Structures are given as structure tokens and as C-alpha cells.
Amino acid sequence: MTESLESIRESSLIALTTPLYLIVIGVEVIFSNIQNRNLYSVKGTFTNFYLMLANMGLDLLVRGVSLFALTYCYSIAVIHFENVIVYWVVLLIAQDFMYYLLHVVDHYCRLFWAIHVTHHSSEEFNLTVGFRSSVLQPLYRFLYFIPLALAGFRGVDILFMYSATQIYGILVHTQTINKLGFLEWFMVTPSHHRVHHASNPLYLDRNMGMVFIIWDRMFGTFQEELPNEPATFGLTKSLENPTPLNTVFHEFQAIFRDVRKPGIPLKARLNYVLGPPGWSHDGSSLTARELRERVVSKK
């Protein structure tokens, strides 16, 4: 019954959002051509949708496990909401916070960055980049939502809310919308998300929220988009071989190479896996924090 309900909801979301995506992407393509901004390329767009399909396929394969785990945790929950409006509002806020935590870990732990880096590897920034999914993330994403199930939210509702908030998360991948006034204070906006996708040292590992920017403001990961610091999109080091397969697995290969470096202690090998991206035992590469400190020290 729960799987059937989720299937109906997912189908409804797809039916509602597909025309929306086609319209807004079409408008952005037209705008890009009129303004000669070259926001899109055929290769980049193809890669984005290829990675989306790979992510969706894996998500469908593990959906049963995710739903089973969340449903079981809900069955032992001691909290139950009586008011349906409170239920959905609290779920929206709580789910967005749990996604923020997931996103922070994806950026600060290299093992998970190796999965998430796929989403950041595009040197273009347009609405289709929102579909450039972290292919392997469905394998563990549901673990972050277990506390929500234990807090009295049904598994089907948690997964539906994640899918619904992803719609908003896709729509902020654009360069065609400037700052949005008072919304900048509490919502993730295109301006905030341009910062998130930038490889400028000042902007690295910033603005992790999906819907609300309040978590970043509260926990020190917020950075405003500055007029004198235009965003440069992509990774700090461009992919040498940006094939779809290499886009997904290149960071795992780099981890493997680093772990096998001769003469380094076990702690260093573990740091190459679990430490922040860019960590090195000899300073040959730098973390985001170290890159920012180097930029600040030069000013």
C-alpha cells in the first residue's frame, strides 16, 4: 500500500513538473541565445541528463530498502502529529535541515565528496545542471531521513517531500535571475546557489541548503554573492577526461592513488578517505578552508 501511494505521488510529480521544466529550460535557452551568453552546450546538456537517468535508475533499485527502513522506524515512533498542516510544515523544515546535514557531510568528507563531486563538475551553470545528479547518493541518502521517521513522519511522506523540494532545488540552477530582495534572507535563491557551484576559494563549501538558507546563516556556511567576485563554475581542477563514466568515478580513483602513496602512516591514509577534500599529508594539495585562508592572507 505504501509503495503504491508513493508511486502515485511520484507519477503525479513527474506529470506536473515535466512541462514546467521544458518551459523554463526553453525560455532560458532562448534568452541565452538572444543575449549571446552561451549558457548551454549540447555535450553538457547530454551529460546532465545521462547522469540524471543513472541516478533515477539506482534510486528505483534501492527505493524498496529505503522505504522499508523508514517505515519500520516510523512504526516505533513515539511522536504522532494530530494537525495535518503542522505535520507537513514541520516535515518540510525538518527534511530540509536533514538534507543540509547530508550536504555538509558530502562536502567535508572526501569519501562522500567522491559521490557528490559529479554534481559540481560542470563548468556550465544552467537549469539542466540541476539534473546532474550525484549518481550513487541514493545508496545512503535515506539514512539521514531515519530521524524524521523516528520523529513521527511516514516514510512515503519523507520521500515525497524530498522529491518535492528537489523541484525547487533544480530551479535555482540559473544565471538569468538576479537577487530576489527579502527572499535572500531565508530562502535559497539562484544567487546563493551560484555561490555554491563556484570554484572561487571564497565561495567553496558555502550555501548548502536546498530550500532554506537559514541553516547556512545559523551554522556559518553562508556566503553572499559579491559583485566584485563573479562565480567561476566547476571544480578547482578541471576534469581531464570528462566522459560520463569518469565524471562519476574520477575522485574514487584519486582517493585510491592517494591511499597507496608509499611511506605514509595509517592516519594519513584514513585522512585521504575521510578527511576533507584537498587534504594532503605534505601540503601538495589544499582544502577549501586552506585555499580561502591563502586568498585572505594575500589581500
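This is a predicted model: local features need pLDDT of at least 70, side-chain atom pairs count only at pLDDT 80 or more; totals for chains, interfaces and linings use all residues.
This briefing walks through selected local features of the structure above. Residues are numbered from 1 along each chain as its sequence is written, and side-chain values use heavy atoms, with hydrogens and water left out. Helices (DSSP runs of H or I, at least four residues) are numbered from the N terminus.

**Helix 2**

- Helix 2 has 34 residues and reaches 47 Å from its first C-alpha to its last.
- That span is close to the 50 Å expected at 1.5 Å a residue, where the expected span is 1.5 Å times one less than the number of residues.
- At Val62, helix 2 bends by about 50°; the bend is the angle between axes fitted to the seven residues ending at a residue and the seven starting there.

**The loop between helix 4 and helix 5**

- Ser134 sits in the loop between helix 4 (110-120) and helix 5 (146-150).
- With a relative accessible area of 7%, Ser134 is buried (buried means under 20% relative accessible area, exposed over 50%, partly exposed in between, using a 1.4 Å probe and protein chains only).
- Leaving aside neighbours within four places in sequence, Ser134 is in contact with Asn55, Ile115, His116 and His119, contact meaning heavy atoms within 4.5 Å.
- Gln137 is found in the loop between helix 4 and helix 5 and is buried, at a relative accessible area of 5%.
- The side chains of Gln137 and Asp106 are joined by a polar contact of 3.0 Å (a pair of N or O atoms within 3.5 Å; within protein, one must be able to donate a hydrogen and the other to accept it, and residues adjacent in sequence count only if both atoms are side-chain atoms).
- Beyond its neighbours within four places in sequence, Gln137 is in contact with Leu102, Asp106, Ile115, His116 and Tyr162.

**Aromatic rings**

- Rings of Phe, Tyr and Trp (its six-membered ring) pair if their centres lie within 6.5 Å; planes under 30 degrees apart count as stacked, over 60 as edge-to-face and the rest as tilted.
- By this rule the count comes to 19 aromatic pairs.
- One of them is the stacked pair of Phe49 and Phe131, with 5.3 Å centre to centre and 25° between the planes.
- Phe49 lies in helix 2 and Phe131 in the loop between helix 4 and helix 5, so this pair ties together parts that are 82 residues apart in sequence.
- Phe49 is partly exposed at 29% relative accessible area, whereas Phe131 is buried at 8%.
- Phe182 and Phe186 form a tilted pair, 6.2 Å centre to centre with 35° between the planes.
- Phe182 is exposed, with a relative accessible area of 60%, and Phe186 is partly exposed, at 32%.
- One aromatic cluster is formed by Phe81, Tyr87, Trp88, Phe153 and Phe160.
- Arg217 lies over the face of Phe222, at 4.0 Å from the ring centre; a charge sits over a ring if NZ of Lys or CZ of Arg is within 6 Å of the ring centre and within 35 degrees of the ring normal.

**Positive phi in two asparagines**

- Asn38 has a positive phi of about 55° although it is not a glycine.
- Asn38 belongs to the loop between helix 1 (2-34) and helix 2 (42-75) and is exposed, at 66% relative accessible area.
- Asn207 has a positive phi near 60° and lies in the loop between helix 7 (190-197) and helix 8 (214-219).
- Asn207 counts as buried, at 1% relative accessibility.
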